[in-house]
Amino acid sequence: MERLWKQTLRGFRNSSSAFGFLLCLDFGNPKFSISALLNSYFSTAHSKKSKYYVFKHIDDALALFKHMLHHTHHRPCIVELGKLLAAIVRMKHYKNAINLLRHIELLGTVHHDVYTLTIMLNCFCRLNLVGFGFSVFGKMLKLGLQPVNVTFNTLINGLCIEGKIGEAMRLLDNMIKEGYQPDLITYSTVVNGLCKIGDTSSALGLIRIMGERGCSPDVVMYSTIIDGLCKDKRVAEALDLFSGMRGNGVQPDVVTYTCLIHAMINSCQWEEAKRLFNQMEASDCKPDVIIHSIMVDAHCKRGSVLEAQGFVERMIQQGIKPDIVTYNSLIEGYSLQGKIGEARKVFASTTSKGCEPSIVTYSIIINGYCKAKRMDEAIEFFREMTQNGLIPDVITYSTLISGMSQVGRLATSLKLFKEMCVCGLVPNMTSYSVLLDGLCKHGCINVALGLLHVMQGRGLEPNIIHYTILIDGLCLVGQVKVARELFSSLTVNGPHPNVYTYTVMIKGLFKEGLLDEAYELLDVMQSRGLELNIIHYTILIDGLCQVGQVKVARELFSSLTVNGPHPNVYTYTVMIKGLFKEWLLDEAYELFWKMKADGCMRNSCFFNTMI
């Protein structure tokens, strides 16, 4: 038997190393030591004939162990000891279980069987010591004990926990070669490990192998792979597997539907998400509060807040109690539409419905006030939050700092930034970027540079977003030469400029009338595989119009209508605005009618420009 598994055990320590390790285990709390255990008072009412043991406290389990070893007339039953050890493992006291097993061995009155050694092996695996687990496996073979499926499943799980999926797969292969029949747990463990490392293709292959060996996947395994495919954005394959699953007679559960519906929403397949939800409602699998919250959030993000509100009301009618996550989505939906009053009504109703607002809830409404530029109300709500005992986090502070910066209240932004640091919160990359953006947009370039140095002094290296903000700020105050030098240094030393960095630099060159350099940089950008989208072209056209280069802007706009990307309402708006600025009224009105003919819907930004 030992020779059969020689290859499997190669590279792992022998069994003596595992037991040497036992003597060095640090149990931290001396009352759980063996000497204390043997002197403790036995006070458990568990029957030896029970199917399994359940303990509220580890002391009770240790006391029973002492009783079994020292207060019984006959040698303790290894089966009952196994049940006791299994109970200790279920309590996650793995080190205690290992120590007790070692004590059994030292006494020599009770001999290990395959189950007690498998328990020890499991404890090592749970402690991320799978190497010692294999040492126990080696001891099992030397004792002539026949491993069971649970033994292999435990080792495979231990390897997967440590991310050694390749070794887990090899152990599975060796198991099959030696005549063992892997069960559903064996395959499920490997599938779960494969999906965790993103290897869903191998997981799918394993399902096919299972079928050939007469082992059918269950709903958990299908759901695991479907979730992995969805995370990999392979939603078409996920839907195919979902159909195959139902065709094989395996009924999806709430987890399966949740994975798929969430993936459909994320991939903008809204109709498919609704179809799946309706299918779920029509089946025996009833949607829970999580899937309802996902649907409410999707409605809100699509701008259908009234539908989301109706969805919540229907939830309540069906006896499904919305949680604070559900209400947060609804509050955010109203806030993003500028309907702060409605958002506050929902907020006020949460407490009466048994849901206490969280820091996220407050932050959402603060963000709504900031978007609407109602900064005094944002601050008032912020103070109300702290008075109610909630401690603001970095996101809350960053939201307020951004709002204050956008309206030019830079002194308040800096004060909030300092307050955040004094409170012990560590500003993150976003905190620095929103403050940096505000400073640069309002011409405080020296303060912005100082903030960048503070950031570096605290061990945070600025990324391309921070440098892009700074380049844009330098161009706004006319320091295009400095901006150009900074841009050049990034192309050499990194972080490397992205498409937005190129856009702001090109816009700065246009602003200074350096058209040749701007077009040269545009060519360099495209030669490096960075393609402008319509947002970037709109920024460039706007920049040209602002510096009076309307003719160049018009040529660029015309090239878009021929070669793409196709202009959107904002592109049309900035071009029409530029034409009006130069009193080219006929061309402006001509473009207006072209915009209508192209089916480009006009919005409030457009009408404000026309007025």
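Trainee: What makes K92 buried or exposed?

Mentor: The relative accessible area decides. Buried means under 20%, exposed over 50%, and partly exposed in between, with a 1.4 Å probe and protein chains only. K92 has 63%, so K92 is exposed. Before we go on, two notes. This is a predicted model, where local features need pLDDT of at least 70 and side-chain atom pairs count only at pLDDT 80 or more, while totals for chains, interfaces and linings use all residues. Residues are numbered from 1 along each chain as its sequence is written, and side-chain values use heavy atoms, leaving out hydrogens and water.

Trainee: Where does K92 lie?

Mentor: K92 is in the loop between α5 and α6 (94–107). Helices are DSSP runs of H or I with at least four residues, strands are runs of E with at least two, and both are numbered from the N terminus.

Trainee: Which residues does a cis peptide bond join?

Mentor: G494 and P495, with omega about -5°. P495 is in the loop between α28 (480–493) and α29 (499–511).

Trainee: Why is T151 called buried?

Mentor: Its relative accessible area is 0%, so T151 falls in the buried class. T151 is part of helix α9 (residues 149–161).

Trainee: Which residues does T151 touch?

Mentor: V114, T118, L121, F137 and M140, leaving aside residues up to four places away in sequence. Contact means heavy atoms within 4.5 Å.

Trainee: Why are α5 and α7 called roughly parallel?

Mentor: Look at the angle. Under 35 degrees counts as roughly parallel, over 145 as roughly antiparallel, 65 to 115 as roughly perpendicular, and the rest as oblique. Axes are lines fitted to C-alpha atoms, for helices over the stretch in contact, and angles run from 0 to 180 degrees between N-to-C directions. Helix α5 (residues 78–90) and helix α7 (residues 114–126) pack at about 15°, with axes 9 Å apart. Therefore α5 and α7 are roughly parallel.

Trainee: Which residues of α5 and α7 meet?

Mentor: From α5, I78, G82, L85, A86 and V89; from α7, T116, I119, N122 and C123. By class, this contact of α5 with α7 has 6 nonpolar, 3 polar and no charged residues. Ala, Val, Leu, Ile, Met, Phe, Trp, Tyr, Cys and Pro count as nonpolar, Asp, Glu, Lys and Arg as charged, and the others, Gly among them, as polar.

Trainee: How do you know that α23 and α25 are roughly parallel?

Mentor: Helix α23 (residues 394–406) and helix α25 (residues 429–441) pack at about 10°, their axes 8 Å apart. So α23 and α25 are roughly parallel. The residues of their contact divide into 4 nonpolar, 6 polar and 1 charged.

Trainee: How many helices and strands does the chain have?

Mentor: There are 35 helices and 0 strands. Of the chain's 611 residues, 47% count as buried.
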